[in-house]
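Hi,

Here is the structure I promised to pass on.

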Amino acid sequence: MSVMRIGHVALKVMDMAAAVKHYEKVVGMIKTMEDKHGNVYLKCWDEWDKYSVILQPSDQAGMDHVAYKVRQDADLDALQSKIQAYGIKTVMLAEGSLPSTGRMLQFHLPSGHEMRLYAMKEYVGTEVGTTNPDPWPDSIHGAGAHWLDHVLLMCELNPETGTNHVADNTKFMCEVLEFYLVEQVVVGPNGAIQAASWLTRTNTPHDIAFVGGPRAGFHHASFFLDSWHDVLKAADVMAKSKTKIDVAPTRHGITRGETIYFFDPSGNRNETFAGLGYLAQPDRPVTTWTEDKLWTGIFYHTGDAVPSFTEVYT
Ligand code: M3P
Ligand code: FE
């Protein structure tokens, strides 16, 4: 009964043609499918399932849902009971609710974000295959992202009303979905308020993160790159294509990731993320960042506050 890894993120976009161009030419994804509703499905070259991003036509930006893949179909029944016993309602969506995808267990995190779990998605293979593969395909383009790495969701945090959906989500993810806490930011008197958390199911420093803010929303979807040099080259790709860069290449203290933040044409924030940083383990001691070093955690080199980074999200 286990969640394996992030499977896909469904993002709402306002100009489909511009969005597809962005995820293809800048992030470097491949369009694999379009459905009758005009939703477009894309994958990265190093991913083997049919898609990891769904672009949905909408009149506003933001995340529709994030999905994680579980090991086997029966896990969905076991997790449904477990999630419902925790007090969260679930719906089992029939196979084919999303094309090329098996049944999905749909529910909302305490923060209100929609999450789905599924066991089956059509296998299409990576661009280099499985027999004597090359290290990268000739078709590589744009930033050449390897795979969707994680999402960061903004959660309502209001100490005055006692609302802390970061802590609520963290507890749920750990107790019910068996993620483990890798890093956290604590604020307030005696650091009693968990204001952000980074959680994993795999061995990467995070498969999902939650950060507190005035309202729930979508902060970013992050795509994996191999090296710091690839991060630099991704920034070149963005400059050449006049992509709006939010934060130029730098390093996070948190997770030690090497990063760039940028926006898709609808204003959904993306990240390219390199450097495994460390191998996350369930028994690795949790790293804690204190309020006075919060910005060092976010942008390690300058430690400078960039309010727009935490205030602007979809
Ligand atoms: C990351 C990461 C924020 C911190 C973000 C950190 C939004 O994106 O990948 O480690 O405060
Ligand atoms: Fe990130």
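Let's begin with the strands: β1 is joined to β5 (residues 62-70) by eight bridges, and the two run antiparallel. Within that pairing, H8 sits opposite A67 of β5. β1 also pairs with β4 (residues 53-57), this time in the parallel sense and over five bridges. There, V13 has P57 in β4 as its bridge partner. Since nine of the 11 residues of β1 (residues 3-13) are buried, that strand is largely enclosed by the rest of the structure.

Before you go further, bear in mind that this is a predicted model.

Next, helix α2 (residues 73-85). How far apart should its ends be? At 1.5 Å a residue, its 13 residues should span 18 Å, and the end C-alpha atoms are 19 Å apart, which agrees. Just after α2 comes G87, with a positive phi of about 105°.

Then there's the ligand. Which residues surround ligand 1? The shell is made up of L152, V211, H219, S222, H252, I254, T255, G257, E271, F273, I298 and T310. Two elements, β14 (217-224) and β17 (269-274), each give two or more residues to that shell. By type, the shell residues divide into five nonpolar, six polar and one charged.

Is P307 buried or exposed? P307 has 8 C-beta neighbours inside 10 Å and exposed means 12 or fewer, so P307 counts as exposed. P307 and R284 are 23 residues apart along the chain, and 31 Å separates their C-alpha atoms.

Cheers

Conventions: Residues numbered from 1 in each chain as written. Chains lettered and ligands numbered in written order. Predicted model: local features only at pLDDT ≥ 70, side-chain atom pairs only at ≥ 80, totals over all residues. Near = placed C-beta within 6 Å. Helix = DSSP H or I, 4+ residues; strand = E, 2+ residues; numbered from the N terminus. Nonpolar A, V, L, I, M, F, W, Y, C, P; charged D, E, K, R; others polar. Buried ≥ 20, exposed ≤ 12 C-beta atoms within 10 Å, placed from the backbone. Expected span 1.5 Å × (residues − 1). Pairing = 2+ DSSP bridges.
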